[in-house]
Amino acid sequence: MMTMMMTTSSTASSAVGNNSIACTHKTRNVVSSRSSIKTQQHQQRKAISMSRKATKTLTRRSQTRRGASVVVYASQDDGFKVAVLGAAGGIGQSLSLLLKMNPMISELALYDVGQIVKGVAVDLSHCNTASTVNGFCGNEELGEALKGCDLVIIPAGVPRKPGMTRDDLFSINAGIVRDLTQGVADHCPNAVVAIISNPVNSTVPIACEVMKQNGKFDKRKILGVTTLDIVRSDEFVSTLKGLDVNDVDVPVIGGHAGITILPLLSQTFPQTSFSEKETEDLTIRIQNAGTEVVEAKAGGGSATLSMAYAAARMGEAILRGLSGESDVYECSYVSSDIVPDMPFFATKCKLGKEGVEEVSPIGDITAYEQEWLDKLKPELKAQIDKGISFIADAPQKI
């Protein structure tokens, strides 16, 4: 884990002169420490920018062109098996298409409760990429869908409608995530699980509690997909400032609903200046971007295409980490102790062979960002507690 460097004071001396020297050395050490932290943050953001470009290159390699050399795809022996639970929905179908294009995937398992998912699988199987696609329908086929999975992505659940908050979805989606996570515990407990189903602030704690009840909890392997917040932030900032979106990285911390979403514009890479109005407008827009889409669709759905894009990016980053690639970073909502009294929090994570390898600290933030951080904590904590209580209040084995 990239940790904040701590400076211990020099050994105290009884002489006043020595005390003065010790204080001077301590001050220099603190300044040096802060400089080191900023250097680490800059190097990390540069690595993230390079990582994003690698993702785009990998995606391009999955597309063959007439007259071009043959692309080397993952084989059945060395590729990954990925399951999409909720594959027939608005997010699930688009996400499955994007995953079918990923050359790191050798087997794609599509699961849903409706028979249409098998038609979706047949449809995707006609795409000329190397991965195989199979559809699975109903509880009796969930185990087969999950068997041998390296990565499970869960977009299952009902979508938001005008006037609804993510928390309004809790009563339905909480049970769905609980039952699907139980399937993971039973059939592929070592898989990395990426949860899209809202409210993510509550559904990730639900998944963790289910795995704990089964004695199979590994905090490195359960992630809340907050990538869409970063995708939106990068797009909005690059458009506003005329930057190359491929180079822009805006860390987004906290959670994945309303005011719990906190873009750290002060940490934008490359270094970018914002007026007070720009900072306020961007922060509010990023927090309310999901509602912007829901209202624009006028009752016809929520953010499905952009969410599928963001989830595919996160899925690919996870697979790159699992494959052993170094310096793979994405923000994600995970179990951590980065923020005191906050058992789950979204921040920058380094992905590796076992899932989340490192969780980065928040770093230096402005007074404005600190105000938002103080404001979001009680809201996020309440949503975390709601998810934990959903399982704790029904402790019997599911």
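**Figure 1. Polar contacts of E369 in the predicted model.** The side chain of E369 comes within 3.1 Å of the backbone nitrogen of L265. The model shown here and in the other views is predicted. A second polar contact, of 2.7 Å, links the side chain of E369 with that of S266. E369 itself belongs to helix α11, which spans residues 367–392. Its relative accessibility is 4%, so E369 counts as buried. Beyond its neighbours up to four places away in sequence, E369 touches L262, P263, L264, L265 and S266.

Figure 2. P263 lies in strand β8, residues 261–263. P263 counts as buried because its relative accessibility is 1%, and the cut-off for a buried residue is under 20%. When neighbours within four places in sequence are set aside, the contacts of P263 are S233, V250, P251, V252, T283, I286 and E369. D234 stands 29 residues from P263 in sequence, and the C-alpha atoms of the two are 10.0 Å apart.

**Figure 3. Lining of the largest pocket.** The largest pocket holds about 700 Å³ of space. Its lining comprises 43 residues, of which P155, A156, G157, V158 and S197 are the closest to the pocket centre. Helices α2 (90–100), α4 (139–146), α5 (170–187), α7 (227–241) and α9 (289–296), together with strand β2 (105–112), each contribute at least two residues to this lining. The most is given by α5, which supplies 8 residues. By residue class, the lining of the largest pocket consists of 17 nonpolar, 18 polar and 8 charged residues.

**Figure 4. The largest nonpolar core and the contacts of L85.** In soluble globular proteins, nonpolar side chains tend to be buried together. The largest nonpolar core of this model contains 46 residues, and L85, V152 and F345 have the most contacts inside it. Helix α6, residues 200–213, gives the most to this core, with 7 residues. Another core, of 44 residues, lies apart from it and includes I153, V192, A194 and A308. Which residues are in contact with L85, leaving aside its neighbours within four places in sequence? They are Y111, L142, L146, V152, I153, I154, P155, A156 and L180.

**Figure 5. Packing of helix α2.** Buried residues of α2 are I91, G92, S94, L95, S96, L99 and K100. The elements against which the buried residues of α2 pack include the strands β1 (80–85), β2, β3 (132–137) and β4 (151–154). Helices α3 (116–125) and α10 also pack against them.

**Figure 6. The buried arginine R313.** R313 is situated in helix α10, residues 305–322. With a relative accessibility of 12%, R313 falls under the 20% cut-off and therefore counts as buried. The side chains of R313 and E330 form a polar contact at 3.0 Å.

**Figure 7. Two cis peptide bonds.** Most residues other than glycine have a negative phi, and most peptide bonds are trans. The bond from N198 to P199 is cis, with omega near 0°. P199 occupies the loop between β5 (192–195) and α6. The peptide bond from F269 to P270 is likewise cis, its omega also being near 0°. P270 is part of the loop that runs between β8 and α8 (276–287).

Figure 8. A298 is a residue other than glycine, yet its phi is positive, near 50°. The loop between α9 and α10 contains A298. A298 counts as exposed because its relative accessibility is 66%, the cut-off for exposed being over 50%. D341, which is not a glycine, has a positive phi of about 65°. D341 is located in the loop between β9 (328–335) and β10 (344–352). At 68% relative accessibility, D341 counts as exposed.

**Figure 9. The chain as a whole, for orientation.** The chain has 11 helices and 11 strands. Of its 398 residues, 51% count as buried. Among contacts between residues at least 6 apart in sequence, 72% join residues at least 24 apart.

Notes: Residues are numbered from 1 along each chain as its sequence is written. This is a predicted model: local features need pLDDT of at least 70, side-chain atom pairs count only at pLDDT 80 or more; totals for chains, interfaces and linings use all residues. Side-chain values use heavy atoms; hydrogens and water are left out. On a 1 Å grid over the protein atoms alone, a cavity is a set of points where a 1.4 Å probe fits but cannot get out, and a pocket is an open set with protein on both sides within 12 Å along at least five of seven lines; lining residues have an atom within 4 Å of a point. Grid points are joined across faces, edges and corners, and a volume is the space filled by probe spheres set on the points. Helices (H or I, at least four residues) and strands (E, at least two) are DSSP runs, numbered from the N terminus. Ala, Val, Leu, Ile, Met, Phe, Trp, Tyr, Cys and Pro count as nonpolar, Asp, Glu, Lys and Arg as charged, and the others, Gly among them, as polar. A nonpolar core is a set of buried Ala, Val, Leu, Ile, Met, Phe, Trp, Tyr and Cys residues joined through side-chain atoms within 4.5 Å. Buried means under 20% relative accessible area, exposed over 50%, partly exposed in between (1.4 Å probe, protein chains only). Contact means heavy atoms within 4.5 Å. A polar contact is a pair of N or O atoms within 3.5 Å; within protein, one must be able to donate a hydrogen and the other to accept it, and residues adjacent in sequence count only if both atoms are side-chain atoms.
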